[in-house]
Amino acid sequence: MTTVDTALAELLNSRIRDVPDYPKPGVLFKDIAPLLADAEAFGALTRALADRAKELGATKVVGLEARGFVLAAPAAFAAGLGFVPIRKQGKLPGEVFRRSYELEYGSATLEVQCDAFAPGERVLVVDDVLATGGTIGASLDLVKEAGAELAGVVVLMELGFLDGRERLAGHLDGAPLETLVTV
C-alpha cells in the first residue's frame with residue numbers, strides 16, 4: 001500500500017455515497033456506511049490496513065473517535081496488534097494526556113490514556129477522513145506525548161481541496177501519511 005492500489009481505491013470509492021447538503025446546505029458529505037455494509041469492500045479495507053500496520057512495524061493501531069474506531073479496531077485484530085482509542089474529552093477513565101485544537105467552527109479536545117503505550121512502541125494512526133488536519137494533528141501530538149513512536153498514518157479518504165496534508169507535515173516527523181481515496 002505504499003503506492004495506492006488502484007483496484008482497492010476504485011472498490012472503496014464505489015461504496016462511498018455522496019449526500020448533498022448534509023449536515024448543512026452546501027456541504028457534500030461522504031458517507032462510508034455503504035462501504036462498511038459491504039463485506040467485500042470492508043474486508044478489503046481491513047486487510048489493507050492490517051497489512052500496512054505489519055509492513056510499518058506497528059505494535060499498536062490507534063483509531064480516532066468515532067469512525068476511526070470502526071476502521072482501526074478490526075485492522076488491529078487482523079494484524080494481531082492491540083487497539084488504542086483516542087477519544088473526545090471526558091470519555092476515558094483514569095489519567096489522560098489532553099490536546100486541544102481548532103476546528104472550522106470552534107475548538108475540540110482529544111484525550112488518550114497515559115498508560116496506553118509502552119515507551120517506544122510504534123503506532124499506526126487510522127482515521128476515516130483527512131480534512132483540515134486538526135484532529136489528526138492533535139492525535140499525532142498525543143501519541144508522541146504518551147511516549148510512542150509514529151509508524152505512520154493511513155486514512156480512508158482525503159479531502160485534498162482542504163490542504164490538511166500540508167498542515168500535518170510538522171506533526172509527522174518523517175512518518176508516512178497515506179490515503180486510499182482522494183476527493
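Me: Where does Asp163 lie?
Reply: In this predicted model, Asp163 sits in the loop between strand 8 (149-158) and helix 6 (164-172).

Me: What is phi there?
Reply: Phi of Asp163 is near 60°, a positive value in a residue other than glycine. Most residues other than glycine have a negative phi.

Me: Is Asp163 buried, exposed or partly exposed?
Reply: Asp163 counts as partly exposed because its relative accessibility is 40%, and that class lies between the 20% and 50% limits.

Me: Which other aspartate has a positive phi?
Reply: Asp21 has a positive phi of about 60°, although it is not a glycine. Asp21 belongs to the loop between strand 1 and strand 2, and it is partly exposed, with a relative accessible area of 48%.

Me: Changing topic: which residues does the cis peptide bond with omega of about 5° join?
Reply: That bond joins Tyr22 and Pro23. Pro23 is placed in the loop between strand 1 (17-20) and strand 2.

Me: And where is the cis bond with omega near -5°?
Reply: It runs from Glu65 to Ala66. Ala66 is found in the loop between strand 3 (60-64) and helix 4. Most peptide bonds are trans.

Me: On to the largest pocket. What is its volume?
Reply: The volume of the largest pocket is about 1,200 Å³.

Me: How many residues line it, and which lie nearest the centre?
Reply: The lining has 34 residues, and Arg67, Glu104, Tyr105, Val129 and Ala131 lie nearest the centre of the pocket. The lining divides into 19 nonpolar, seven polar and eight charged residues.

Me: Which element gives the largest share of the lining?
Reply: Strand 7 does, with four residues. Elements that each supply at least two lining residues include helix 4 (67-79), strand 6 (106-113) and helix 5 (134-145).

Me: Now Glu111: which strand holds it, and is it buried or exposed?
Reply: Glu111 lies in strand 6. It counts as buried because its relative accessibility is 2%, where the limit for buried is under 20%.

Me: What does its side chain reach?
Reply: The side chain of Glu111 makes a polar contact of 2.7 Å with the side chain of Arg98. It also reaches the backbone nitrogen of Gly90 at 3.1 Å. Leaving aside residues up to four places away in sequence, Glu111 touches others too, among them Pro85, Phe97 and Leu142.

Me: Last one: what does the UniProt record annotate at residues 51-158?
Reply: The unreviewed UniProt entry gives "domain: Phosphoribosyltransferase" for residues 51-158. In the model, that span is 28% helix and 44% strand, and its end C-alpha atoms lie 20 Å apart.

Terms used:
Residues numbered from 1 in each chain as written. Predicted model: local features only at pLDDT ≥ 70, side-chain atom pairs only at ≥ 80, totals over all residues. Heavy atoms only, no water. UniProt positions renumbered as here; feature names shortened; annotations may be inferred. 1 Å grid on protein atoms, 1.4 Å probe; cavity = no way out; pocket = protein on both sides within 12 Å on 5 of 7 lines; lining within 4 Å. Points joined across faces, edges and corners; volume = space filled by probe spheres on them. Nonpolar A, V, L, I, M, F, W, Y, C, P; charged D, E, K, R; others polar. Buried < 20%, exposed > 50% of the residue type's maximum accessible area, 1.4 Å probe, protein only. Polar contact = N/O pair within 3.5 Å; in protein donor to acceptor, adjacent residues only side chain to side chain. Contact = heavy atoms within 4.5 Å.
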